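Student: I have a sequence and a model open. Can you walk me through the fold?

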Amino acid sequence: MTEVIFLCFHYLKRSDEYHRIYGYDFEDFKKYIEYLQNNFPIIDFEDFKLFLQGKKSLPPKCSVISFDDGLAEHAQIIAPYLQEKNISALFCLPTCILRGEMASVQTIHFMTARYGVRKFFKILKKYFSISDLLWSDYFDGTEDNLKILPLYSKIKEVLMKKIPGDKSRLILNTMYREVLLKDDPKVFDKIYFNSEDVNKILKMGHRIACHTDSHPFFMGLDIDDDKAWQKEVLEPKNILSKYVKQPIDIFAYPFGGDAKDFDFQKWTAQLKKSGFKYALNAYRNSKKQEKFDPFWIQRYSVQSKEKAEDLKNNSCHYFI
Ligand SMILES: [Zn+2]
């Protein structure tokens, strides 16, 4: 029997004009890796697959690490650092970034980091009308009295969950092009991977997984809408499969969630039908133990400033 934990990482701490983004200090990140190597040696996801097929044995305790959203620091700093240590990690990529389009979640993070939440809210108000939606249906005028964090939560709730995904994307993409990109023409490369980076990390021995096209709030995605499934699941799978010259079989749910809150069985059936063999979730609150399901692999999303031991304490431990 093997004890396996799965971890998911996002931003590294930055020192540029986007320094307000919450991220791990690189020195802390190195400590996480050292801790894992000493306590839960990091294994390649491909070896984990072989283990599940009974073709390979694993250490008694081990971990799989993954990096979501195709962030520039993953390709430029983390992937080479892990390669030096002979570690293979999984990178979950939304394919819109490979054609130069932002995922909405990073537009929100980087614009609020640069301009502050209140100014972001003002910019949002200015651009909201291009969506044909009525501002007053979502914001009641009490927002000016809110403190920063509740205001930020409300903005995210409206943009990611309340208004239709295509409208939210239209508003945020326009704000990105007309405001952020004008102020910082080089911003996209500061945020994301490019195609060359995908080839580079694969050469380093890392793996890639499908993380949809535009990183929508997946619980709001209509699974019976063939066009949406094509765009957010099948096309990204095909695009990424070309890089590895074999079918991509790992899907990572954007944002993560609770299996109770969506039609989990239906999603699993659709993913299987589309050729996936594994699906990864991400969560923030600690989970101790769960029965292993290859279509609902729980990854602990590591928060900045955590102690290395917290990785063990907060992870879902699978005994397989
Ligand atoms: Zn993501």
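Student: Is helix α4 mostly covered or mostly exposed, and how many of its twelve residues are buried?

Tutor: First, a caution: this is a predicted model, where local features need pLDDT of at least 70, side-chain atom pairs count only at pLDDT 80 or more, and totals for chains, interfaces and linings use all residues. Residues are numbered from 1 along each chain as its sequence is written. Helices (H or I, at least four residues) and strands (E, at least two) are DSSP runs, numbered from the N terminus. A residue is buried if 20 or more other C-beta atoms lie within 10 Å of its own, exposed if 12 or fewer, and partly exposed in between, with C-beta atoms placed from the backbone. By that rule α4 is mostly covered, and the buried count is eleven of its twelve residues.

Student: Which elements do the buried residues of α4 pack against?

Tutor: The buried residues of α4 include Val105, Ile108, Phe110 and Met111. Contact here means C-beta atoms, placed from the backbone, within 7 Å. The partners are α5 (117-128), α6 (148-162), α7 (165-183) and α8 (187-191).

Student: What length does α4 reach from its first C-alpha to its last?

Tutor: Helix α4 covers residues 104-115, twelve in number. The expected span is 1.5 Å times one less than the number of residues. For α4 the expected value is 16 Å, and the helix comes close to it, reaching 16 Å.

Student: Which residue takes a positive phi just after α4?

Tutor: Most residues other than glycine have a negative phi. The residue just after α4 has a phi of about 90°, and it is Gly116.

Student: Which residues touch the most other members of the largest nonpolar core?

Tutor: A nonpolar core is a set of buried Ala, Val, Leu, Ile, Met, Phe, Trp, Tyr and Cys residues joined through C-beta atoms within 7 Å. The largest one holds 77 residues. Its members with the most such contacts are Leu7, Ala209 and Ile250.

Student: Which strand gives the most residues to this core, and where does the core lie?

Tutor: Strand β1 (residues 3-9) gives the most, with six residues. Domain bounds come from an automatic or database domain assignment. Both domains give residues to this core, so it lies between domain 1 (3-100 + 192-319) and domain 2 (104-187).

Student: How many residues of domain 1 are in contact with domain 2?

Tutor: The centres of domain 1 and domain 2, taken over C-alpha atoms, are separated by 27 Å. Domain 2 puts eleven residues into the contact. From domain 1 the number is ten.

Student: How many bridges join β1 to β2?

Tutor: Two strands pair if DSSP finds at least two bridges between them. Strands β1 and β2 run parallel, and Val4 stands opposite Cys62 in β2. The number of bridges is seven.

Student: Which strands pair with β6, and in which sense?

Tutor: Five of the six residues of β6 (residues 278-283) are buried, so β6 is largely enclosed by the rest of the structure. Three bridges join β6 to β5 (residues 250-252) in parallel, with Phe251 opposite Ala279. Four bridges link β6 to β7 (residues 297-301), also parallel, with Leu280 opposite Ile297. The partners are β5 and β7.

Student: Is His215 buried or exposed?

Tutor: His215 sits in the loop between β4 (207-210) and α10 (226-244). Its phi is near 60°, a positive value in a residue other than glycine. His215 has 27 C-beta neighbours inside 10 Å, so it counts as buried.

Student: Where does Phe255 lie?

Tutor: Phe255 is not a glycine, yet it has a positive phi of about 70°. With 17 C-beta neighbours inside 10 Å, Phe255 counts as partly exposed. Its place is the loop between β5 and α11.

Terms used:
Two residues are in contact if their C-beta atoms, placed from the backbone, lie within 7 Å.
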